[in-house]
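Thanks for coming, everyone. Please take a look before I start.

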Amino acid sequence: MKSMKLLAVLPGNCIQSLSKNFSTGPASLQRHFKILVVGAGAGGCSVANKFAHHVGGEKVGVIEPNDEHYYQPMWTLVGGGVKKLQDSVQKMSKLLPKKGTWMKTKAVAFDPEKCTVTTAEGEEVKYEYLIVATGLQLNYNKVKGLPEAFDTDPTVCSNYDYNYVQKTWPAIQNFKGGNAIFTFPNTPIKCAGAPQKIMYLAEDWWRKNGMREKANIIFNSSLGVIFGVKKYANSLNKVIESRGMKINYKRNLIEVRPETREAIFQNLDSPTGETETFKYEFLHVTPPMSTPDVVRDSPLVDAAGFVDVDKNTLQHKKYSNIFGIGDCTNAPTSKTAAAAAAQCGILETNLRAVMANKPMTAQYDGYTSCPLITARGKCILAEFDFDGNPLETFPINQGKERMTMYHMKKDVMPQIYWHMMMNGHWNGPGVYRKLMHLGMDGPEKQPASA
């Protein structure tokens with residue numbers, strides 16, 4: 001594999017000896033860190049722990065305002081009545097490096113020329129190397145009538161927010177018939193399979209509890225396909241057809257009217273921007289998303305507002321001492337915890353090479369995974385790369401609904417997340433894939449259009 005050359009020159013004022021006292025200085029004195037991580041979600045926690053092992057925890061700083069860390073992939077199961085919300089939560093203090101410095105505050109500005117990140121208290125925290133791991137922010141307010149409808153209408157819910165996911169299961173149970181609408185917005189989102197997974201779980205429960213004939217289940221998606229990889233899309237379309245669910249493509253939610261229980265969608269194929277009004281008796285909203293404002297307004301992003309990294313090395317295209325990981329980057333792959341796990345190993349290898357003034361050698365292939373739960377006890381485990389080629393771990397056809405894959409999602413993956421990924425010891429299933437396929441990268445790649 002060819003070595004990758006460094007993409008930019010480290011700013012001169014970043015090349016300096018760091019203070020020996022990395023973590024105990026008061027905020028009134030400028031703190032310096034060898035490694036500064038902004039954001040402590042899946043990717044941020046993992047890489048913070050990785051580099052605490054390499055350079056010492058006292059040289060690692062983390063900026064993260066939240067007291068609790070959420071395993072958000074579990075929220076589909078919470079909304080579907082399979083898991084409890086408390087199963088998805090752990091204290092942030094238990095997950096971050098023990099000897100590192102946790103700054104429980106927000107970042108409000110990035111200055112890559114000065115190698116500083118400014119906090120909400122006005123402190124300029126200096127770094128030698130920066131890892132941006134802020135994830136995405138939920139922009140419910142981009143839909144007229146939200147988030148207010150969550151407070152006034154018990155039939156409106158969303159699995160993407162800690163408070164609103166608690167409404168989903170009661171809304172499913174209390175549904176008495178009519179239109180049950182599930183939405184997908186006109187922006188990149190985290191876990192692009194989640195908007196339809198909750199639809200399958202709801203339909204499964206209504207069918208098993210005598211409500212299916214009264215339910216008109218509608219998936220209104222801004223996309224033009226049910227899933228971006230054709231192998232899995234074919235399987236999902238068969239599930240949808242066999243269970244009588246309706247899909248409207250190129251429909252983007254722009255307004256919710258809780259007083260009349262109407263949802264307004266823009267027809268994205270209409271040259272005049274025409275809208276359609278749907279009555280609803282159940283409405284699951286996937287909100288528009290973006291990088292946090294502090295990232296989107298920084299010099300670190302591309303024209304679309306995502307951290308501008310080389311998709312293979314995860315190094316920033318302009319600032320060689322900055323790397324990005326997870327949902328906040330413009331790496332063209334599905335934004336999932338599985339993608340962040342695979343990126344962790346790539347980032348670790350390449351940043352250590354940069355720190356040692358050596359060429360980068362690790363290349364991210366875009367691996368990501370989406371366990372597409374289609375009912376209680378059934379799951380299609382989608383795994384694929386940048387080009388939409390399947391990268392399946394197991395030597396079976398993962399495009400079929402399987403109970404084994406359901407238990408992988410429900411029972412195994414949370415354990416891997418909490419006990420391996422969070423402490424920096426999980427870089428995805430690549431090694432296991434090779435073992436299960438006799439040393440090869442996986443089954444023969446299937447073109448995305450096959």
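This is a predicted model: local features need pLDDT of at least 70, side-chain atom pairs count only at pLDDT 80 or more; totals for chains, interfaces and linings use all residues.

Now the interior. Nonpolar side chains tend to be buried together in soluble globular proteins. Here, the largest nonpolar core has 81 residues. Which residues have the most contacts inside it? They are Ile35, Leu36, Phe110, Val117, Leu130, Ile131 and Leu347. Helix 8 gives this core its largest share, 10 residues. The core also reaches across domains, with at least three residues from each of domain 1 and domain 3.

Let's zoom in on one of those residues, leucine 130. Leaving out residues up to four places away in sequence, leucine 130 touches Leu36, Val38, Phe110, Val117, Asn321, Ile322 and Phe323. Another core lies apart from the largest one. That other core has 56 residues, and Val143, Val156, Cys157 and Phe384 are among them.

Next, helix packing. Start with helix 8, residues 337–355, and its partner helix 1, residues 42–55. Their axes come within 10 Å and cross at roughly 35°. The crossing of helix 1 and helix 8 is right-handed. On the helix 1 side, the residues are Gly43, Ser46, Val47, Lys50, Phe51, His54 and Val55. On the helix 8 side, they meet Ala340, Cys344, Gly345, Leu347, Glu348, Leu351, Arg352 and Met355.

Helix 4, residues 165–174, packs with helix 5, residues 194–208. The angle is about 35°, and the axes are 10 Å apart. This crossing is right-handed. Thr168, Trp169, Ile172 and Gln173 in helix 4 meet Ile198, Ala202, Trp205 and Trp206 in helix 5. By class, the contact of helix 4 with helix 5 has six nonpolar and two polar residues, and no charged ones.

On to leucine 236. This residue lies in helix 6, residues 230–242. Is leucine 236 buried or exposed? Its relative accessibility is 0%, so leucine 236 counts as buried. Its contacts, again leaving out residues up to four places away in sequence, are Gln196, Tyr200, Ile226, Phe227, Leu372, Thr374 and Ile380. Look also at glycine 399. In sequence, leucine 236 and glycine 399 are 163 residues apart. In space, C-alpha to C-alpha, they are 8.9 Å apart.

You'll find glycine 428 in the loop between helix 9 (403–421) and helix 10 (430–436). Its relative accessible area is 9%; because buried means under 20%, glycine 428 is buried. Beyond residues up to four places away in sequence, glycine 428 touches Ala341 and Ala342. Glutamine 343 is 85 residues from glycine 428 in sequence, but 8.4 Å away in space, C-alpha to C-alpha.

Last, some backbone details. Most residues other than glycine have a negative phi, and most peptide bonds are trans. So where does this model depart from that pattern? First, proline 147. The peptide bond from leucine 146 to proline 147 is cis, with omega near 5°. Proline 147 sits in the loop between strand 9 (137–138) and helix 3 (148–152).

Then arginine 261. Its phi is positive, near 50°. Arginine 261 is in the loop between strand 14 (251–257) and strand 15 (262–267). With 32% relative accessibility, arginine 261 counts as partly exposed.

Finally, leucine 314. Its phi is also positive, at about 70°, although leucine 314 is not a glycine. Leucine 314 is in the loop between helix 7 (293–296) and strand 19 (322–324). With a relative accessible area of 0%, leucine 314 is buried.

That's the tour. Over to you.

Key
Residues are numbered from 1 along each chain as its sequence is written. Side-chain values use heavy atoms; hydrogens and water are left out. Axes are lines fitted to C-alpha atoms, for helices over the stretch in contact, and angles run from 0 to 180 degrees between N-to-C directions. Helices (H or I, at least four residues) and strands (E, at least two) are DSSP runs, numbered from the N terminus. A crossing is left-handed if the near helix is turned anticlockwise from the far one by less than a right angle, and right-handed if clockwise. Contact means heavy atoms within 4.5 Å. A nonpolar core is a set of buried Ala, Val, Leu, Ile, Met, Phe, Trp, Tyr and Cys residues joined through side-chain atoms within 4.5 Å. Buried means under 20% relative accessible area, exposed over 50%, partly exposed in between (1.4 Å probe, protein chains only). Domain bounds come from an automatic or database domain assignment. Ala, Val, Leu, Ile, Met, Phe, Trp, Tyr, Cys and Pro count as nonpolar, Asp, Glu, Lys and Arg as charged, and the others, Gly among them, as polar.
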